Amino acid sequence: MYLSKLTISGFRQFGQGDAAAELTFQPGVTALIGKNDSGKTAIIDAVRYALLSRDQMYFKVQPEDFHVDAAGSSVDDIRITCVLSDLGTGDQATFAEHLTYLDGKVSLLVSLHARRLATEGSARRWVEVNVRSGLDGAGPALEMTVRELLASAYLKPLRDAERELSSGRGSRLSQILYHVDGIKEGTSFDPENLPATPAATSGLSLLGLSEYFGHNVKSHKGVVDAQGAINSDYLKSLLLADDQMTGKIDLTEGGSEDTRLRQILERLELGLMDGSGAQPRGKFGLGSNNILYMACELLLLGREPEGLPLLLVEEPEAHLHPQRQLRLMQFLKTAAEGKVLDEEGRKVQVILSTHSPNLASGLPVASTILLDGETAHPLSHDQTRLSANDYSFLERFLDATKANLFFANGVLIVEGDGEALVLPAIARAIGLDLSAHGVSIVNVKGTGLRRFSKIFQKSDETKTWISIPVACIADMDVMPDAAPEILGLVNNDDDQKWSNPKRRWKANKDFGADASANEAGLKERFEDLCKDDAQNVRTFVSSHWTLEYDLARNGIAAMVYDAAALAGAHDKICDGTTTQDNVLEGAKASFAELRDACGENDELTAINIYQLFTSKKASKAIAAQYLAAAIDIEAASDGFDSAAFEACLPTYLVDAIKHACGKGSAPILADEPQPGAVAAEQ
């Protein structure tokens, strides 16, 4: 049995009608991901309100839980519906009177309906809560005993695991141990038939062992002598002639066997030991104790014979370093399959909320739910534009570095290190700091640009779009006609090489001989690069060729040339055989000679600058690092004109940054032609 569907209406971030949340879950581990205040905790609490949880925290629907819309109006009804599927024979017998046929399968529907009741003339606010089964909550009410069978294990955020595992009345450890197989096994203690040897006590139950211990305590000579002295030496002297009283020293225990067993368990605590077997105090921190706590909860869920094996965890990464986070995710997936080491147990469903890219990258995209703008977006196979192949690709390549896109206000997806290093500096220079705007850069290293962007595209466009703006930056990869000869790809207009169908590079004239055909061919290439644009995902294509060429051609050629020169001399700069100042002094003179040789032709100048990268003299990544530093220095200088600098930049880069920062044009429609810098220029 597992939670397969959750509907939330009128609860906290989630409104009613079209604004209600409808989430689907699969068996196993599901991660709720997204920015702060997007509704992750609301989803966890909705499950707890409807199904209860086993922790000792007191909670109930509060007036503050009712949704307040943008106009400040509060709703009067909260409805939370949980659909539990895949019920086994035992589950169906336990919940027989509450079952419903849903989509041809036996299911258990639990509906919570909370109404706010206003008492006229009173400042007190009342909330009436009913929990019933059946479609639309039209079935019988769920008794508390039934709801307790559905109660999930819940680990709150920033939990004090050490306290949870300590001894004490009603301790969480005692609750867990009480339900573990073997705790109640064994024979009872018989005072008339005492164990003959210490080894004979091994067959006693835990309660019997406690009673045997109590018997020995009460029979101890010191206790017997003290009891006799109290009665004969003191109490007797204080009694009247007719008083019939004697004192007896006894252990504090009483009530039913169940009560006495719980009292024993409440005296136990669970702690960590080091390799020597000692139990040092203060050596193990919050992270280690949290792992121990989760292991304890999973022990109960995996072995309990009945009830709902559901674990709700808020921020499981709390206090854990990255390697332990990955280890934790691996363990949770194993526990979800019902296999812990070599033991077979129940399959456990885990629903967790997280802010950790490490944990987000440890799960398939299809097992995540993205919370955005008070809307829940399941990223399962039927909910996004990702194909089965895309999901498989992302499972291989969506690492922790790229997974930060799930927590961003905006996303820039780039093809290489150059863009990843230069764009933040450009954004700062034009007054759009990416960090301040919560924009993440995802470097796909030349592969999967569209695969990552499709995460943010809904398969059903009639549903609420994911509001996160995504800008994909792609190279046009069409070089000017003069470039092949300058780069040594052809010699003196070599017709054989130009006509070779196997060559990988493309030049401008490959797209048409006359101006009209050429414009049409380039436009077709541009539109092909943008063909997957839809909703809030847009592709921004370089105006001409590549990042470095376009930067050099648009007005900061000297800065790009300096960066290339510094990249070429990087090793010498690092080992101290030259300095940046010396390199820049030589670069200034060389650039002046280049400009003279090119006759102020921006295209030829840019081609020759790009040649520095293709000839392996300069690393694009190292050059980008130097260029970013130069831009930051320039932007911090007195009299820097941000608008004038922006005018010197390729339009597509500026537009991409503005789109990711939410400063671009309105969201596009799927069937609109895609505008762009190249189309505008042509």
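A nonpolar core is a set of buried Ala, Val, Leu, Ile, Met, Phe, Trp, Tyr and Cys residues joined through side-chain atoms within 4.5 Å, where buried means under 20% relative accessible area (1.4 Å probe, protein chains only). The model examined here is predicted, with local features needing pLDDT of at least 70 and side-chain atom pairs counting only at pLDDT 80 or more, while totals for chains, interfaces and linings use all residues. Residues are numbered from 1 along each chain as its sequence is written, and side-chain values use heavy atoms, leaving out hydrogens and water.

The largest nonpolar core holds 64 residues, and Leu 412, Leu 551, Ile 631 and Ile 657 have the most contacts inside it. Its largest share, eight residues, is supplied by helix α19 (residues 557–568); helices here are DSSP runs (H or I, at least four residues), numbered from the N terminus. Leu 551 touches several residues beyond four places away in sequence, among them Ile 426, Val 560 and Leu 653, contact meaning heavy atoms within 4.5 Å. Apart from this core lies another, of 45 residues, including Leu 398 and Phe 456.

How do the helices pack? The axes of α19 and helix α23 (residues 620–635) come within 8 Å and cross at roughly 130°; axes are lines fitted to C-alpha atoms, for helices over the stretch in contact, with angles from 0 to 180 degrees between N-to-C directions. The two helices, α19 and α23, are therefore oblique to each other, since angles under 35 degrees count as roughly parallel, over 145 as roughly antiparallel, 65 to 115 as roughly perpendicular and the rest as oblique. Residues of α19 including Val 560 and Ala 563 meet residues of α23, among them Leu 627 and Ile 631.

Technical notes:
Buried < 20%, exposed > 50% of the residue type's maximum accessible area, 1.4 Å probe, protein only.
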